[in-house]
Amino acid sequence: MSKLEVAQGYTRERWLEYVQRGRRIMRSKSAGNFDLGDLLNEIIDANPKGHGEVTAVLTLFAAQIRSKYASLKHYRYVAKAWPADMRREDVPWSVHRDLAARPERFALIRDEPSDELDPAGRGQWSSDAALRARDSLPSTPRTPDERIVQAKRLLRVTDEAAEAVKQLAARTEVIEKAVQDPEFRRAVRDAHYHLGERLQVENRRQDPSADPVPTHRPEQVPPGPTVPFQQTPTAVLRILGQCTGFCVGMQNTVVAVQEEHLTTEHLEAVLDSLKKVRAVCDWCEHAVTTGESGMEDALARLLGDEGSGLS
């Protein structure tokens, strides 16, 4: 037998007895975690020590009975939380462990947990039942709320959560159900709005000569000057009509599109079309004020083959 190292403050005979008892518990197929915890508390209580000395004793003892310090520390804590006369032999040690920090643990463990799957509405103590009793998420979620909380916990990384949402979007019934919620629709609209802001910033960086585009939501535009209908040329009336129709139509359409589920491609197409509209408006203003109606090559190309953004 190798030479036995004895913890400071114990006799060799007493320490050897503790080690032999610990090894017998470790070899037992029904290794009693409570037995180990009680033994550890007996060891420490026999020779009271400070925190650092307790750690040294448990570390030495763990090595000699072929266990781990962290495990022994846990066994000791649970055994101390549950005096022998307050334990339930028919309830697993893991339940006692999970309830050890609850002030009302002695009253909790006297009753069986509720169980909707049980005809009588009463279940058996398990680790998951103990976690529910202390308002923690169980290892195996059972209710809709528990499954949702578990999913949110697993999808904390933004990219992974976004990928999960994209895959769920393939299930039409999921999206249809989600968009019935006004809060969800509002969140989607806000996301589109902020994405549009970022795309506008990127477009301005790529084209510094472009006029800045306001990023705030449009307010009510005050009415402009009016002209007498009978004395106004037909061409002017047509321009005014076109502008009025465009403003009213766009206002109604933009409000309606906020209820839609838009992709990044949709946003890019809309922004590209608005860029063309701004270019045409600039050209119209130049032509009306200067009398030069010639269209520059760049504007002609912009309005030519690309059409309205549809593919």
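Analyst: Two residues are in contact here when they have heavy atoms within 4.5 Å of each other. The model discussed is a predicted one.

User: Which helices do the buried residues of α2 pack against?
Analyst: Helix α2 covers residues 33–46. Its buried residues are N33, F34, L36, G37, L39, L40, N41, I43 and I44. These buried residues pack against α1 (12–27), α3 (51–64), α4 (69–81) and α5 (93–99).

User: How many helices does the protein chain have?
Analyst: Read along the sequence, the pattern of the protein chain is α-α-α-α-α-α-α-α-α-α-α-α-α-α. The chain has zero strands, and its helices number 14.

User: What percentage of the residues of the protein chain count as buried?
Analyst: A residue is buried when its relative accessible area is under 20%. For the protein chain of 311 residues, the share that passes this cut-off is 23%.

User: Is R14 buried, partly exposed or exposed?
Analyst: R14 lies in helix α1, and its C-alpha atom is 9.4 Å from that of I43, 29 residues apart along the chain. The relative accessible area of R14 is 39%. Buried needs under 20% and exposed needs over 50%, so R14 is partly exposed.

User: What is the relative accessibility of R142?
Analyst: R142 sits in the loop between α7 (127–133) and α8 (144–154). The C-alpha atoms of R142 and D128, 14 residues apart along the chain, are separated by 9.8 Å. R142 counts as partly exposed, with a relative accessibility of 35%.

User: Which residues lie nearest the centre of the second largest pocket?
Analyst: This pocket has a volume of about 1000 Å³. At least two lining residues come from each of α8, α9 (158–169), α10 (172–178) and α11 (182–206). Of the 26 residues that line the pocket, those nearest its centre are A161, A162, V165, K166 and F184.

User: How many nonpolar residues are in the lining of the second largest pocket?
Analyst: By class, the lining of this pocket includes four polar and four charged residues. The number of nonpolar residues in the lining is 18.

Technical notes. Residues are numbered from 1 along each chain as its sequence is written. This is a predicted model: local features need pLDDT of at least 70, side-chain atom pairs count only at pLDDT 80 or more; totals for chains, interfaces and linings use all residues. Side-chain values use heavy atoms; hydrogens and water are left out. Helices (H or I, at least four residues) and strands (E, at least two) are DSSP runs, numbered from the N terminus. Buried means under 20% relative accessible area, exposed over 50%, partly exposed in between (1.4 Å probe, protein chains only). The expected span of a helix is 1.5 Å times one less than its number of residues. On a 1 Å grid over the protein atoms alone, a cavity is a set of points where a 1.4 Å probe fits but cannot get out, and a pocket is an open set with protein on both sides within 12 Å along at least five of seven lines; lining residues have an atom within 4 Å of a point. Grid points are joined across faces, edges and corners, and a volume is the space filled by probe spheres set on the points. Ala, Val, Leu, Ile, Met, Phe, Trp, Tyr, Cys and Pro count as nonpolar, Asp, Glu, Lys and Arg as charged, and the others, Gly among them, as polar.
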